[in-house]
Amino acid sequence: MQPYFLPYLGYFQLISAVDTFIVYDNIQYTKKGWINRNRMLRNGEAVLFSLPLQRASDFLDIRERNLAAGFVPDELLNRFTGAYRQAPNFSSVFPILEDILRHEDTNLFRFLHQSISKLCDYLRVGTPIRISSDIAIDHNLTKQDKVIALCRATGATTYVNAIGGVGLYSPADFRASETDLKFLDSKPSEYAQFGHSFVPSLSIIDVLMFNPAETVRAWVSGGYQLI
C-alpha cells in the first residue's frame, strides 16, 4: 500500500485487518493521490491540506522525495487549530498531530512512515509494518505483479486491499499464485461535525477530533467486512 498523509479511517482498518502491512517506499511518487495531501473539515466543507515538496523529477520514487525547505509545521498546525479548536477532542488529539508534524526528518517516505506508526500506536493497532524495499523480490515489477511477488516472498496466503481496488486485480491471477484475494469494505461510520451535514472520507484527524478514542478504536478494529 502507498503511504498516505494522515489517511482516512479505512486505511487504519486495513492495517488492523492484516497480519503484516507492507508500505511502499520504492514506487514512483504521483501527484494524483493522497501521498502528501488529505482533507480536513472547514466551515462545513472539505478542504485540502498538504505537505509541500522540493522540486524534483516526476519519475523519482517516494523515498527519493523530500519536504520543501520552506515547510513550516506551525502554519499547518494553525490551519488545524482554526478548523477544530471547538471540536470535543481537540485537546487530546492536537498533541499527537503536533508531534507528527514537528518530526525532524524531511525525507517524504520517512516522514509519512513515522506519522502512520504514531497514529497506529494511538489507535492501538499492533500490526507489524514492513517496508517494501526491504523485501527480496524483483523490484522492477509493478502493479499486480509486484503485489503477488511480495505475497510470495513473505509467505502470505491472503492479500487484502481496500474496496476501491476491486478493478485493479485479477482474482484468477491470485488463485494461480495460491493467494486469496480479499477486499475491505468499511461499514458506515457517520458522526456529528459541528451540526453540519456529514462530510465523509476526511483525514483520520477529523474522525479523532469528533469521536472518543475508544469509539474510533472500535471502528478501526471491527468496523468493516472482508469480501
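The paragraphs below turn to the salt bridges and then to a surface patch.

This is a predicted model, in which local features need pLDDT of at least 70 and side-chain atom pairs count only at pLDDT 80 or more, while totals for chains, interfaces and linings use all residues. Residues are numbered from 1 along each chain as its sequence is written, and side-chain values use heavy atoms, with hydrogens and water left out.

A salt bridge is taken here as a side-chain nitrogen of Lys or Arg within 4 Å of a carboxyl oxygen of Asp or Glu, and by this rule the model holds eight salt bridges. One of them pairs Asp-58 with Lys-31, whose closest N and O atoms are 4.0 Å apart. Because Asp-58 sits in the loop between β3 (45-50) and α2 (73-84), and Lys-31 in the loop between β1 (21-23) and β2 (37-42), this contact ties together parts that are 27 residues apart in sequence. Helices (H or I, at least four residues) and strands (E, at least two) are DSSP runs, numbered from the N terminus. Asp-58 is partly exposed, with a relative accessible area of 43%, whereas Lys-31, at 58%, counts as exposed; in these terms buried means under 20% relative accessible area, exposed over 50%, and partly exposed in between (1.4 Å probe, protein chains only).

A second pair is formed by Arg-102 and Asp-74, with 2.5 Å between the closest N and O atoms. Arg-102 belongs to the loop between α3 (90-101) and α4 (108-123) and Asp-74 to helix α2, so the pair ties together parts that are 28 residues apart in sequence. Both residues are partly exposed, Arg-102 with a relative accessible area of 40% and Asp-74 with one of 35%.

Glu-214 and Arg-124 form a further salt bridge, their closest N and O atoms lying 3.2 Å apart. This pair links distant parts of the chain, since Glu-214 is in helix α8 (residues 213-222) and Arg-124 is in the loop between α4 and β4 (129-131), 90 residues apart. Glu-214 is partly exposed at 48% relative accessibility, while Arg-124 is exposed at 61%. Through salt bridges that share partners, Asp-74, Glu-98 and Arg-102 are joined into one network.

Away from these charged pairs, Ile-163, Val-166 and Ile-227 make a nonpolar surface patch of about 230 Å². Patches are made of residues with over 30% relative accessible area and no salt bridge, like charges being joined within 9 Å and nonpolar side chains (Val, Leu, Ile, Met, Phe, Trp, Tyr) within 5 Å. Ile-227 is placed in the segment after β7 (224-226) and is partly exposed, with a relative accessible area of 47%.

Note on methods. Accessible areas come from the Shrake-Rupley method with a 1.4 Å probe; for residues, only the protein chains shown count as cover.
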